[in-house]
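Morning, everyone. Please have a look at this one with me.

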Amino acid sequence: MPSSSPAMKKRSNAKRAVSLYIHIPFCESKCPYCSFYSTAMAPGKVENFLGALEAEIDLLKAAHKVLPDVRTTYIGGGTPTVLGPSHWVRLIDILEKGFRFLPGNEVSVEANPGSISRELISLWKEWRVTRVSVGVQSLRDEDLFLLGRSHDAGRSAEAMKIVTEAGFSLSADLLFGLPGQDIRGWHESLKGVIGAGADHVSVYQLALDPGTPWGDRPPAGLAEGYPLYRWAQYYLEKKGYRQYEIASFAKAGKWCRHNVVYWLGGDFLGLGPSAWSCNGFERSRNVIDLDEYCSITGRGELPVCFSEILEGDVLVSERAILALRTRWGIRSRKFSALFGAGSLDTIMQRLEEIPSHLLKRSRGGVYLSREGMRVGNSIWQMLLP
Amino acid sequence: MSVPMERIRNFCIIAHVDHGKSTLADRLLEATTTVSARDMREQILDTLDLERERGITIKLVPVQMKYRGIDGLDYVLNLIDTPGHVDFTYEVSRSLAACEGALLIVDAAQGVEAQTVANAYLAVDHGLEIIPVINKIDLPSAQPEQAAREIEEVVGLDCSDVLLASAKEGKGIKEILEAVIKKVPPPSGERDMPLQALIFDSIYNNYRGVICYIRVTNGTVRTGDMITFMATRRSFQVEEIGVFCPDMRPVDELGPGEVGYLIGNIKTVEEARVGDTVTSSRNPAIAPLPGYRKVKPVVFCGFYPIERDEYPQLRDALEKLQMNDSAIFFEPETSTALGFGFRCGFLGLLHMEIARERLNREFGVDLVATAPNVVYHFRDMSGSLIEAHRPSDFPEASMIEEVLEPFIKITGFVPSEYVGKVMQLCQDRRGVFVGMDYITPQRARIVYELPLAEFIIDFHDRLKSVTRGFASIDYEHAGFRPSNLVKVDILIGGEPVDAFCFVCHVDRAFNRGQEAVRKLKEIIPRQLFEVSLQAAIGKRVIVRQNVKPLRKDVLAKCYGGDITRKRKLLEKQKEGKKRMKQIGRISLPQEAFLAFLKSGDEEEE
């Protein structure tokens, strides 16, 4: 088991800033399509988790003497909003004690419309939160029922309202490709979140991941994703949102800095069960199970369960794939400065077969067109060694 | 040999498939205690697992039974089992030539079927004494009188003292054995004449080399003799002769009328061909026994290994199979789509299926077969006749003066309510009506002539489905006839794909082209650009369809932790696409080719 988290290695003394991710491993109930780790709340569990989180930070500090400053922050899960105000007070306290947050930076929190509250909003307001990402999923009750969500569309609208009223930047997550979903229903949801004042919209195609209930027994009548996605691209751009990544649309300047770090190869440090960290050349993951996470940190060990060194063709193709997810694409000069001109050539050769209406080529680099983004998975496959 | 020639009886059993031939053979072996109860198992004479599973007989195993008749005398009864299928008509004819009599088995519930008649006539042609037996009288639906009437009317045999039996329950077995003694004439032949023995089958054995199944007509053969095969002109020293009981038991000598085996350091079955005559090298016979011919394959297809690097294994397996079965023909062939493989020729579809299954089972070779085709003859502008074994042998249409294709004459026994449907099926397959008569008010005999090519596609399945399995059919070859045939190319993105092209009648080209394009459209993976699929005769495109570019994909989210997982998923998908074949700028996975060729198979089942 590696002794320390890779985001910290080599860099710790250089005191470079990282992006911080906190995984809150609790949900009120498990959605049948979700593959992220979470567990049910039970008395004492949250306290144990918070204690272990604090221990993890202390262990990192002990291993590296100085922790890097924090650039962007993202508190996700799970469902961060299932923690009550007192737990949040404790969480904020732990983070403030553990890290130095560079001022003026983005801090995002994921919120579930079913559990978001005015108390939490005001706590966040007092702290550093700038951005709230609401898991709307759909603004149609029949979709929400099918998805097993704990809230209805009215509740989502209410949640978005209190977020914007508090002055946060609002991001809304929507799912497409749902059973029985048509353009009309999809449009209703898109229109609804725009009307609620979201300045950022993430659209995710319903994925049937193995290991989830729907992955094992897919629901009937799944809608074809392509036309729905195409509609989102068209409609959101008409409404002033710019697509800056496969699944992400934002009004001017409102793109999520934290997420862009993932795609452009920045360093990030993940805390909590199942959280991932990466320093650009080494990636690692914490143990997935909460109990295990608590007991390992309790023993005074870092709870890392997996790590891999990224190098050679794997690193190059992975970076190319991630870059092509974004509207900036692969920037030739930056890419060859990082990986060498030979690597850039290799990537460009692999992209040769792709027709020009899918892949735009310019002197500065290559990027996917709108149509290209729709078939991204097939293009990424071609980039593998 | 302990009995004189007049107490030898050589006979075979002929029957329609499923009328109980193998079970009856089992009972005869039991009744004569040729096989002890301890060693008995079902279908004991069928040596291949495949035969037992399919309930059909492919290879013939002769067996010698000793039987004491009610007259108190000891007899030797040689039972020569025969394959009932038309693919093996020649082999059947050689087995019949080794006999003096035949038991004609008819199912008491089913009555006379197509193969009953075909095989009975074949036996009559060979001058055999035929003993009709009505089997399965234990069945609740048995109608022995009706079956007897059909035998009299359709086959023309006297059924006034027809034998009734139930092989399953062991009823009537003794009566059958007595009838064999009484009715089948003993063999005739001269001990003192030069040796003449018929090879009615030969098999390859890993330890012993080729084992010839022979029937001595004149003269004698002993261990150590120098012998010559008259057609192949090969000579060997006899290492061992013997009889089947049913295991091999060596004897000193085989004389006139006797049936047994011969081993003599013979390397391949090609050297000991079915129908050839064995004679003495020192004192050869003046002439061979009549009826020998070299069998020629009539149905061809390509065999390709699924794993491309298994080509050498496939070649070895085919060579070994050919040592066993000289009727199989093969030569190397290259396909741009499927790589290296072999063009293989067979006596018929069943023969092809068996070869394919044996390659898989006995030699462990996983292979894919291209669509079968018949042999075509064409005359070019210079007037010379050329034989084509594969669609790609077809020259350009402008070079062909005349194309000929093999025809067959089929005889079907059809319940009267299905007559119309069967006739429609035959018409659809370019059949020419020859005749029809009613055997009974409920059943008709229909005779058509139709191209073999139409027959091998899926005629049996269509027949089965339009008659709910109540019709039986048999066929014989009827020679080559001129036909308006064309080669249809299948093009993907403008590039012809050899594995998919086929030959068919011009009137069917459109439908079959459409069918092929439709099938292809289903299986080719969506590409990033539009792909055209075409069927064309020469330069003339007859079917065109475009496959819309890919537009269905899961655009999953991808954040910090997803990256590793995503990459592994992509790598896995990519691995599956490794064996891609480039056709123009289109990548097709091998699976697509296999799916295309296999979907045809499913229709056949």
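This is a predicted model: local features need pLDDT of at least 70, side-chain atom pairs count only at pLDDT 80 or more; totals for chains, interfaces and linings use all residues.

Residues are numbered from 1 along each chain as its sequence is written, while chains are lettered from A and ligands numbered from 1 in the order in which they are written.

Confidence. pLDDT is the predictor's confidence in each residue, from 0 to 100. Chain A has a mean of 91, with 96% of its residues at 70 or more. Residues 1–5 of chain A fall below 50. Residues 10–14 of chain A also stay under 50.

Now the chains. In chain A, 34 residues are in contact with 22 residues of chain B. Contact here puts C-beta atoms, placed from the backbone, within 7 Å. Which element gives the largest share of chain A's side? That is α15(A), with five residues. Helices are DSSP runs (H or I, at least four residues), numbered from the N terminus.

Last, the helix pair. Helix α12 (residues 332–339) and helix α13 (residues 341–350), both of chain A, have axes that come within 6 Å and cross at roughly 125°. Axes are lines fitted to C-alpha atoms over the stretch in contact, and angles run from 0 to 180 degrees between N-to-C directions. So α12(A) and α13(A) are oblique to each other. Oblique is what remains after under 35 degrees (roughly parallel), over 145 (roughly antiparallel) and 65 to 115 (roughly perpendicular). From α12(A), A:S332, A:F335, A:S336 and A:F339 meet A:A341, A:S343 and A:L344 of α13(A).

Key
Helices (H or I, at least four residues) and strands (E, at least two) are DSSP runs, numbered from the N terminus. Two residues are in contact if their C-beta atoms, placed from the backbone, lie within 7 Å.
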